[in-house]
Amino acid sequence: MGMKSFVEVAVDSHFPLENLPYGVFKPKGGGGPRIGVAIGDYVLDLAAVAAAGLFDGTSLGNTQCFSQSSLNSFLGLGRPAWKEARDMIQRLLSAEEPTLRDNANLRDKSIFPMTDVEMLLPFVIGDYTDFFSSMHHAKNCGTIFRGPENPISPNWFHLPIAYHGRASSIVISGTDIVRPRGQGHPIGNSPPYFGPTKKLDFELEMAAVVGPGNELGKPIDINNAADHIFGLVLMNDWSARDIQAWEYVPLGPFLGKSFGTTISPWVVTLEALEPFACDAPKQEPYPLSYLVEKQPKNYDIPLEVCIKPAGQENSLVVTKSNYKHLYWTLAQQVAHHTINGCNLRPGDLLGTGTISGPEPEALGCLLELTWNGQKPLSLNGSECTFLGDGDEVIFTACCKGNGYNVGFGTCSGRVLPATQ
């Protein structure tokens, strides 16, 4: 059975004591950004807890990491500090511990209903890399654009492919996304199309949040890579497929991706996800030595995508996938990213790439679900090939434990018309 908190936590909550994801919020009644953890339908203000001296006597007591407006300082402290903080917060919130439970004044200062706060980006993102780690997604995309004979490029099975994305356009869940404009393929002898994208898509992804970085020129060993990853968020890598298809040769994604990327507000730690670790897929051919892990693993994280069409009250589930389908693991992504000496820094974001499974209902984007628009979906009586103005896309993820959940909440965004 699950652990018991003195804060009320519903049975189906994503945020019991076993989870305690981190985020940054500000009270709607006024006040600046502060760091918190989610517990049930509430947020615990860690700055208030630290100011009351409840972290004194630990390695966190003199760091001032919880008095910051982002998680970056805390991220840089590393796994021993993260574990110490998690243990302390679990103890303070437990039903048996009186320190916070019986201090009415401190409870009022430090515990906020989620309805009374605004969630912000939880960390300053210096750099953002997006990988291409799902074999099923790679195969489907290759089949759509190049045919079924050789859908996946030979190099894909030897290294985790990625591109360097745009950190400045990463936004928090609930932020509207403006339909981008750009060029598309010319038809016949006509000039290239220019205008609002006609093929706006979502991409079901997760992203790793980097903790301690590495020095320039000093790669991270694959068997130490997990110590450089704080946790995971949900991520929607919005994509303009027509713009992307015209521009990506020869240098890869640019305007078709850089107009917006949405992440969920709560960072779920690897410690919280450890009970849901599972074996990673067998890799053939066997990877090069710097990509070989002693114990390769993924996480069993069920993922779901809903679309709420413009003007409608109800949303419809269009995808059910799972993080465990990824071919390249987090550790392999980090090891490959740094093997050339590239330096990661606290707060860097590493997207997984679209997470598609082997089943038709587990495809992670509309490009695959509608086979590039050839097989429209039925959404509450209307047909959908790609996203329309006013459509809202909602991601969610929740691991099911023995009497408790470890969830991510939601990652949502609504499409606004293109600017003129």
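The lining of the second largest pocket divides by class into eight nonpolar, three polar and seven charged residues. In this predicted model, that pocket holds about 370 Å³ of space. Its lining comprises 18 residues, and Ala226, Glu293, Lys297, Tyr299 and Ala331 lie nearest the centre. Helix H8 (270–273), strand E19 (297–299) and helix H9 (330–338) each give two or more residues to this lining.

Helix H9 is mostly covered, with nine of its nine residues buried. Among them are Ala331, Gln332, Gln333, His336 and His337. The cover over the buried residues of H9 includes strand E6, strand E13 (204–210), strand E14 (229–236), H8, E19 and strand E22 (349–351).

The largest pocket has a volume of about 820 Å³. It is lined by 34 residues, of which Phe132, Ile161, Gln244, Tyr248 and Pro253 are the closest to its centre. At least two lining residues come from each of strand E6 (128–131), helix H6 (135–146), strand E7 (162–164) and helix H7 (241–247). H6 supplies the largest share, namely six residues.

The table sets out the spaces and the make-up of their linings.

| Space | Volume | Lining by class |
|---|---|---|
| Largest pocket | about 820 Å³ | 18 nonpolar, nine polar and seven charged residues |
| Second largest pocket | about 370 Å³ | eight nonpolar, three polar and seven charged residues |
| Largest cavity | about 40 Å³ | four nonpolar, one polar and two charged residues |

The structure holds one cavity of 30 Å³ or more. The lining of the largest cavity consists of Leu20, Tyr22, Trp82, Arg86, Phe230, Thr269 and Glu271.

An unreviewed UniProt entry lists Asp237, Lys257 and Thr261 under "binding site". These residues are spread over 25 residues of sequence, yet they cluster in space, with a largest C-alpha distance of 7.9 Å. From this set, Asp237 and Lys257 belong to the lining of the largest pocket.

Lys257 is placed in the loop between H7 and strand E16 (261–263). Is Lys257 buried or exposed? Lys257 counts as buried because its relative accessibility is 7%, which falls under the 20% limit for that class. Leaving aside residues up to four places away in sequence, Lys257 touches Tyr163, Glu203, Asp237, Trp238, Ser239, Arg241 and Gln244. Asp237, one of these contacts, is also listed in the UniProt binding-site record.

Over residues 131–415, the chain is 13% helix and 32% strand, with the end C-alpha atoms 24 Å apart.

In soluble globular proteins, nonpolar side chains tend to be buried together. In this model, the largest nonpolar core has 59 residues, and Leu273 and Ile301 have the most contacts inside it. Not counting residues up to four places away in sequence, Ile301 touches Met206, Leu232, Leu273, Ser321, Asn322, Tyr323, Ala397, Cys399 and Phe408. A second, separate core has 44 residues, including Leu44, Phe55, Ile170 and Ala207.

Notes
Residues numbered from 1 in each chain as written. Predicted model: local features only at pLDDT ≥ 70, side-chain atom pairs only at ≥ 80, totals over all residues. Heavy atoms only, no water. Core = buried A, V, L, I, M, F, W, Y, C linked by side-chain atoms within 4.5 Å. Buried < 20%, exposed > 50% of the residue type's maximum accessible area, 1.4 Å probe, protein only. Contact = heavy atoms within 4.5 Å. 1 Å grid on protein atoms, 1.4 Å probe; cavity = no way out; pocket = protein on both sides within 12 Å on 5 of 7 lines; lining within 4 Å. Points joined across faces, edges and corners; volume = space filled by probe spheres on them. Helix = DSSP H or I, 4+ residues; strand = E, 2+ residues; numbered from the N terminus. Nonpolar A, V, L, I, M, F, W, Y, C, P; charged D, E, K, R; others polar. UniProt positions renumbered as here; feature names shortened; annotations may be inferred.
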